[in-house]
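Please open the structure in your viewer and get ready to select a few residues and elements one after another.

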Amino acid sequence: MTGLKSEFLQILTERDFIHQATDLAALDAKMSEGPISAYIGFDCTARSLHVGSLVQIMMLRWLQKTGHKPIVLMGGGTSKIGDPSGRDESRQLMTDEIITDNMAGIRTVFDSLLTFGAGAKDAQMVNNGEWLDTLQYIPLLRDIGTHFTINRMLTFDSVKLRLDREQPLTFLEFNYMILQAYDFMELGKRYGCTLQMGGSDQWGNIINGIELGRRSAGLQLYGLTTPLITTADGKKMGKTASGAVWLNEDHLAAYDFWQFWRNTQDADVGKFLRLFTEIPMEEVRRLELLEGAEINDAKIILANAVTSLVRGKKAAMHAEATARETFVKGGAGADLPSVAVNKNSIQDGINVVDLFIIAGLGSSKGEVRRLIKQGGAKINDQKIGDAEDIISITALDNGQIKLSAGKKRHALVRCE
């Protein structure tokens, strides 16, 4: 849509954040008149979010940078049920203690990306357990349940996916969409929040909240979603062969986080620069046109920009220095992922396959053996010729061994 007046929607449009909106013209007019409050919800399923959530967080960051108030809604209540969206099976139910601990871990992600406080435009973190935990079942059915029809609920993707695959969808999960709609209405009444944002898989839930707010409380609410972020090869953003790419430092080392972005496919560089950095669009357009070896410069800029935002500039500088030491100079950078082993445990030697698994460079012995057979496994930059090789303590260089799986994955094994 052209002719947008609000800076926030102009930025989101230019950087390709917007997938769907309920009434973009009306929302643009409202945001042009003055600051609004908008929210995105995050369930507390782990102590950290992963990069699949980063596009949502960036929307909240742009919201605040353009003068509006972001609300981070933590699912202290909804986490007790679990969002069925995009899932083939039920989530494991968590205790209150686990949810509280996860919430504290997630908070650290937002502390580095948003400014919290009591000011009109300061970010605010809210726990939906404040109202959901005190709901009474009969009043909820009578006052809220009447606004939902089973016919409509059965059309939502999160429900259809399970039913089409003949997989169970519990009554507990079926109620999730009602509680999320209730959240939007409650935030509208308590905090004057008028906009809910989220991924495209949340579109149905957002619409539910808008309609419930209008019917039950006379609120004028809006919704906006981002497209599903996938890589050029069609894979879901945030997943790698070695697992999720976590935002928190205690879940994933800064070097590994930096390296994830450095390894971006050529075709994704422009998209990721738009969505996950604040680099001006003029520079983004220049960088995404680079080809051949020059595209690697753009990937380093991407890795530094995202790592600086999420982990801090110092972490980005150290990660880049480690990568340069490892890849350009052939050394063993100090910030490479490392694992400590007891010196006595390898006194008599250890099989190279076992060593790679200990270092996290292989999920199975078969995978490591194939890597060795293909010539992709190295110790101290020397190819391993035989999967039966035994590594003795004499292979240590200053108390450590550098392992390499292919050109991009490295780790240090240190003896203690």
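A residue counts as buried when its relative accessible area is under 20%, as exposed when that value is over 50%, and as partly exposed in between. Keep in mind along the way that this is a predicted model.

**Stop one: the surface.** Select Ile-138, which sits in helix H6. Is Ile-138 buried or exposed? Its relative accessibility is 56%, so Ile-138 counts as exposed.

Which element gives the most to the patch? That is helix H6, residues 137-143, with three residues.

**Stop two: an enclosed strand.** Next, select strand S5, residues 193-199. Seven of its seven residues are buried, so S5 is largely enclosed by the rest of the structure.

Now show the strands that pair with S5. Strand S2, residues 37-43, runs parallel to S5 and is joined to it by three bridges. Pick Ala-38 and look for its bridge partner in S5, which is Leu-195.

Strand S6, residues 222-226, also runs parallel to S5, and five bridges join these two strands. Stay on Leu-195: what stands opposite this residue in S6? You will find Tyr-222 there.

Technical notes. Residues numbered from 1 in each chain as written. Predicted model: local features only at pLDDT ≥ 70, side-chain atom pairs only at ≥ 80, totals over all residues. Heavy atoms only, no water. Helix = DSSP H or I, 4+ residues; strand = E, 2+ residues; numbered from the N terminus. Buried < 20%, exposed > 50% of the residue type's maximum accessible area, 1.4 Å probe, protein only. Pairing = 2+ DSSP bridges.
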